[in-house]
Amino acid sequence: MAATLAGTPARPRKLLASRRTRAGILYALPVVVYLLVLFVYPIFSTLFLSLKNADGSLTLHWYVDALTGVNLSVLFTTLRISAETALFSLLFGFVLANAISRLKPLWAGVAMLIVVVPHFISALVRTYGWIILLGDKGLVNEAMADLWVPGAPFQLLYNEIGVVIGTTSVMLPYTVLLLYGVMRGVDRRLLAAAASMGAGRVTIFRRVYLPLVAPGLASAGLLSFILSLGYYITPALMGGPNQTMVASLINQQVMKQNQWNGAAAQGVILLLLTFAGLLLVKLVTSFGASRKKRSTS
Amino acid sequence: MMELRSTLTGRIALTATATVILLFLALPIVVILVTSFSSNAFGSFPPDAWTLSWYKALFADGSKWPAALSLSAFVAALSTVFSLIIGVTAATALTRSELPLRSAVYALVLGPLLIPQIVTALGLFLLFEPAAMLGSPLAIALGHTVLASPIAVLILIATLRGIDERLEDAAASMGAGRLTIARRITFPLAAPGMIAAAIFSFITSFDEFYISQFLSSVGTVTLPVQIYNSLTFDIDPSVTAISAILIAFAILALVLVAVVRWLGSGRQDSLLSVETATGIATPGGETV
């Protein structure tokens, strides 16, 4: 919205209000109808399906099924791999975003390009790149053999190491972009103020900088965790049977076993976990906003 | 971050670590590009000998790639049209008019970007399976639009917010009708944003995997699903060539977006500079 000039009359909004409201509703209609029919309704039908027996009676059987035995261990695997991915994306993302925020504009631009371009290349293609890189005769193992690393070649594919490497590289651009924004938003005068009061580098980092970026770190970590929960391209291609993710199981149940109700229950569980994560993001960011206000006032 | 600039060794360590992480992002892509010209597609890296045979194999008789490629292109084109229609109208509603329940509409638009795509895919499967629409390119395109249209809406909201509304008001004050304003003022200024929205919608649909996998049938397989199947079931070395083409395609699309944005950035400035030159106001809103 453009700023209104002092002295110039604002748009005669009152006069046009009803017409503008009607226009608003009319223009919003396509997106609302589209998403209600093809997004909201399908999700609710998933929810209903997960609560129904074959004969149509209500049941919690599919949730019990989803939370016991093999299915429960797949859920734990999903949570574990997502947590590991979030941890590494956050760690790498923090170091990279911090380094980029210190670079001169030209180099920062080049570095950002290397972050952004992969983001727009299909995750399947990037995963395939990792499969070539991490094989027994791949670049990584060959390089380690050339450097006489003891134990090389290592088994880097079809186990959790491979999965976490691959999934982290898919999620990393998100965390870097988010953290870079947060780090650019830090008021440098606060750091200067701390320095002028005699705080050392480590103290400034620990007592001023880290608390200021902490909400950003938390939400970036939670975001990559949430995004990993429903992901299975890389785990399916680079993992073994012990790295099966819930999303992969949903696909198998629908395509191979015609077990739609069970798949629906697992989908709803993923949905609930996602909502919990998003709620945490909201709490963390509003907590961060109130603290930032206090520290600058 | 002058205040935090540490010792020389610290800086070197940070730069080195950052470079390794950048390599971590770039290496899988570089490796695909190089391997697609290697005579031994599944063998050692770097390659011993060079060849174009994987690219030739893509279009050999009996190859599955042309069909998958054309299906994906068709589906992405359809999805782009749908996303643009939805995007333009929704962005207009959210920036240029009074909308009851505005935040609810906004939350609805963000929804598909936040919830797991597998859940959206499952829901769409449950919607289209009873309608016997599995394998229909239209169904796949309608599904992809659920993910592509929110991106188009967000880009177009930013575009419309970036256009100074006073330009539209000025045209109205000179007697221009709504259609004339839309055609002569808003549309030309929003064109770069619309092209960007179209390109991002196309990429989103073209690369989409989960919905495609749920909605495809034996006869209709999109490119990402075909790549996944090739990597899982049958070993087809030409998958490196198609992957390299996809990389080139994505980079080309991003370059296109950058060029369009760069060309478009001068436009509004030239319109506003008349105002600035006459000393009425600057776009920042300070009165002179």
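Which residues does A:Thr77 touch, not counting residues up to four places away in sequence? Select A:Thr77 and look around it. A:Thr77 touches A:Asn242, A:Gln243 and A:Thr244. Here contact means heavy atoms within 4.5 Å.

Before moving on, a word on the model. This is a predicted model, where local features need pLDDT of at least 70, side-chain atom pairs count only at pLDDT 80 or more, and totals for chains, interfaces and linings use all residues. Residues are numbered from 1 along each chain as its sequence is written, chains are lettered from A and ligands numbered from 1 in the order in which they are written, and side-chain values use heavy atoms, with hydrogens and water left out.

**Stop 1: around A:Thr77**

Stay on A:Thr77. It is part of helix H3 (residues 69-102) of chain A. Helices (H or I, at least four residues) are DSSP runs, numbered from the N terminus. Is A:Thr77 buried or exposed? A:Thr77 is buried, with a relative accessible area of 9%. Buried means under 20% relative accessible area, exposed over 50%, and partly exposed in between (1.4 Å probe, protein chains only).

**Stop 2: two loop residues**

Select A:Asn258. It sits in the loop between helix H11 (246-255) and helix H12 (260-296) of chain A. Its phi is positive, about 50°, although A:Asn258 is not a glycine. Most residues other than glycine have a negative phi. A:Asn258 is exposed, at a relative accessible area of 59%.

Now jump to B:Ala132. Look in the loop between helix H5 (117-128) and helix H6 (137-162) of chain B. B:Ala132 has a positive phi too, near 55°, and is a residue other than glycine. B:Ala132 is exposed, with a relative accessible area of 67%.

**Stop 3: where the chains meet**

Show both chains. The contact takes 89 residues from chain A and 89 residues from chain B. About 8,300 Å² is buried between them, and carbon and sulfur atoms give 77% of that area. Buried area is the accessible area (1.4 Å probe) that two parts lose on being put together, summed over both.

How many salt bridges does the rule find across the interface of chain B and chain A? It finds one. Select A:Arg20 and B:Glu98. They form a salt bridge, with the closest N and O atoms 3.4 Å apart. A salt bridge is a side-chain nitrogen of Lys or Arg within 4 Å of a carboxyl oxygen of Asp or Glu.

Finish on helix H1 (residues 8-35) of chain B. This helix gives the largest share of the side of chain B that touches chain A, 14 residues.
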